[in-house]
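Colleague: I'd like to learn how to read a model like this one. Could you walk me through it?

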Amino acid sequence: MTIEFESTPEGARQGMTHHQRKIRELLEEETAICEDALEGEYNQGRLDEIHKEIAYRESQIEKLKVK
């Protein structure tokens, strides 16, 4: 899942934008899973994966801010 972006300010900006977009998509998926849980269908395994990926992407954003 490692994604490399150029070591330039523009590359870092593109990387942060990419990770932020993916985080929004993951949060939408998380919301859908939680809504399904209200109907009795619950997928804790996927929720755990989503939380791990969000944490990873947030850490990548922080690294890109340093560049």
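Predicted model: local features only at pLDDT ≥ 70, side-chain atom pairs only at ≥ 80, totals over all residues.

Colleague: Which residue meets glutamate 29 in a salt bridge?

Modeller: Side chains of opposite charge can pair when their charged atoms come close. The rule for a salt bridge is a side-chain nitrogen of Lys or Arg within 4 Å of a carboxyl oxygen of Asp or Glu. Here the partner of glutamate 29 is arginine 46, at 2.7 Å from N to O. Arginine 46 belongs to helix 2 and glutamate 29 to helix 1, so the pair ties together parts that are 17 residues apart in sequence. Glu29 and Arg46 are also linked with Glu49 in a network of salt bridges.

Colleague: How many helices and strands does the protein have?

Modeller: Helices (H or I, at least four residues) and strands (E, at least two) are DSSP runs, numbered from the N terminus. This protein has two helices and zero strands.

Colleague: Where do arginine 57 and glutamate 53 lie?

Modeller: An α-helix has 3.6 residues a turn, so residues three or four places apart point the same way. Arginine 57 and glutamate 53 are both in helix 2, four residues apart, about one turn of the helix. They form a salt bridge, with the closest N and O atoms 3.0 Å apart, and both residues are buried.

Colleague: Which residues make up the largest nonpolar core?

Modeller: A nonpolar core is a set of buried Ala, Val, Leu, Ile, Met, Phe, Trp, Tyr and Cys residues joined through side-chain atoms within 4.5 Å. The largest one here has 10 residues: Ala12, Met16, Ile23, Leu26, Ile33, Leu47, Ile50, Ile54, Ile61 and Leu64. Helix 1 (9–37) and helix 2 (44–66) each supply at least two residues of this core.

Colleague: What do the buried residues of helix 2 pack against?

Modeller: They pack against helix 1. Among the buried residues of helix 2 are Leu47, Ile50, Gln60 and Leu64. Across the protein, buried residues make up 28% of the 67 residues.

Key. Residues numbered from 1 in each chain as written. Heavy atoms only, no water. Buried < 20%, exposed > 50% of the residue type's maximum accessible area, 1.4 Å probe, protein only. Contact = heavy atoms within 4.5 Å.
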